[in-house]
Amino acid sequence: MTRHESDGRDGRNVRRRRFLAATGAVGTVGIAGCTGGGDGGDGEDSGDGGDGGDGGDAESSIGQVGSGREGRDAPGGTPMAEMPALEGELTVYSGRGEFLVGELVSYIDDLYDDLDLTVRYAGSTDHVNAIVNEGEGSPADVFYSVNAGALGALADAGRTQALPDDVAELVRSEFRTDQWIGTSGRARTVPYNTDEFDESDLPDDIMAYPEEFPGDLGWAPSYGSCQAFVTAMRLLEGEEDTREWLEAMVEAGATAYPDEFRTCQEIADGTIDAAFTNHYYIQRVLDGNPEAPIATAFTQGDAGAMFNVAGAAVVDTTSDADLAANFVRHLLSAEAQDYFARSTFEYPLIPEVEPIGDLPTIDELDVPDIDLAELSNLEPTIDLMREAGIQV
């Protein structure tokens, strides 16, 4: 089987935190594939549970909820108390949903009396388009994205600036560039029903599944995470082999679901036997039912083992680059990284913080060599999927 300081500032007279909905439609920018509305289902728009908080522990007042957290050691890494204080006015354009990261952002805001923080929540693509169209007058200091594709798109538009070396070096080189840095990650996995299969029954080659896996398969082809996975396959295997794989999925009768959390629920319910999803959807099913017959398997070095990141960049027009970079640094603090593990079930990107659940560490994953920013180009992928007879 698979490896199945609260700061006490209550009653503040002034609430500096201002959660603002991004307003109005902005001009269209030709940035393909960074989908809006939570960016296509990378955990931002599904409302599928496992994302709240119960007040936390002695090490931080950030939420600690659900299975696999009790008795968890205090996180390693650098605590916020040892980072430069955040002072001044800062505007963050967040493509990550407030229901997932609002608690963390509030914690950071409440920690510093001299921080005047404004956060605007919208889809990552919406924010990229807004920053580009706002030009030199953009109020954005930090862009916080659900995926690397949107970060790469903003950088390609020339609207980011290099991060300080001492921030960039906090994560592995494959999860950053000189213009942006990953703050948490998601691994592609193969969830499977443990009542029907052992891990040894599952192929470790993603290309083998449609024809060699003996059970019933499911997936969510209209979901952004799935489309990014197929994009990785297109980049790694080429268009012809990807088209054949897609046609084989159709021929195998793979059941399509609207999102990957639902897909994992169907595995746990015994409707299908295996699928292709981000790792945290499995953890969310187990969070609701620790006895659910679902576990996580991994392929090796191919698109099925792709690892994508949420991350942040400093916008080129910021009036205080040091403050912006230090806010990004706080997203890589011990408290923030532990929050991502505990509350969003993502992979922390600093090595001192372990993921939640019976998962391998990042160093143990056999991920493919791929430029994450290239995953933003979904248009050829959508064309391939439609040519194969898949409704997307």
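## Ser-106 in helix α1

Ser-106 sits in helix α1, which spans residues 98-111; helices here are DSSP runs of H or I with at least four residues, strands are E runs of at least two, and both are numbered from the N terminus. Ser-106 counts as buried because its relative accessibility is 12%, where buried means under 20% relative accessible area, exposed over 50%, and partly exposed in between (1.4 Å probe, protein chains only). From C-alpha to C-alpha, Ser-106 lies 9.9 Å from Val-119, and the two are 13 residues apart in sequence.

## About the model

This is a predicted model, in which local features need pLDDT of at least 70, side-chain atom pairs count only at pLDDT 80 or more, and totals for chains, interfaces and linings use all residues. Residues are numbered from 1 along each chain as its sequence is written, and side-chain values use heavy atoms, leaving out hydrogens and water.

Now to a loop: Asp-259 is located between β8 (255-256) and α8 (260-268). Which side chain of opposite charge is nearest to Asp-259? That is Arg-262, 6.5 Å away, and the buried Asp-259 has no salt bridge (a side-chain nitrogen of Lys or Arg within 4 Å of a carboxyl oxygen of Asp or Glu).

The side chain of Asp-259 does reach the backbone nitrogen of Arg-262, at 2.7 Å. Leaving aside residues up to four places away in sequence, Asp-259 touches Ala-220 and Tyr-223, with contact meaning heavy atoms within 4.5 Å.

## The chain overall

The chain contains 12 helices and 13 strands. Of its 392 residues, 57% are buried.

Notes
Lys, Arg positive; Asp, Glu negative; His and termini not counted. Polar contact = N/O pair within 3.5 Å; in protein donor to acceptor, adjacent residues only side chain to side chain.
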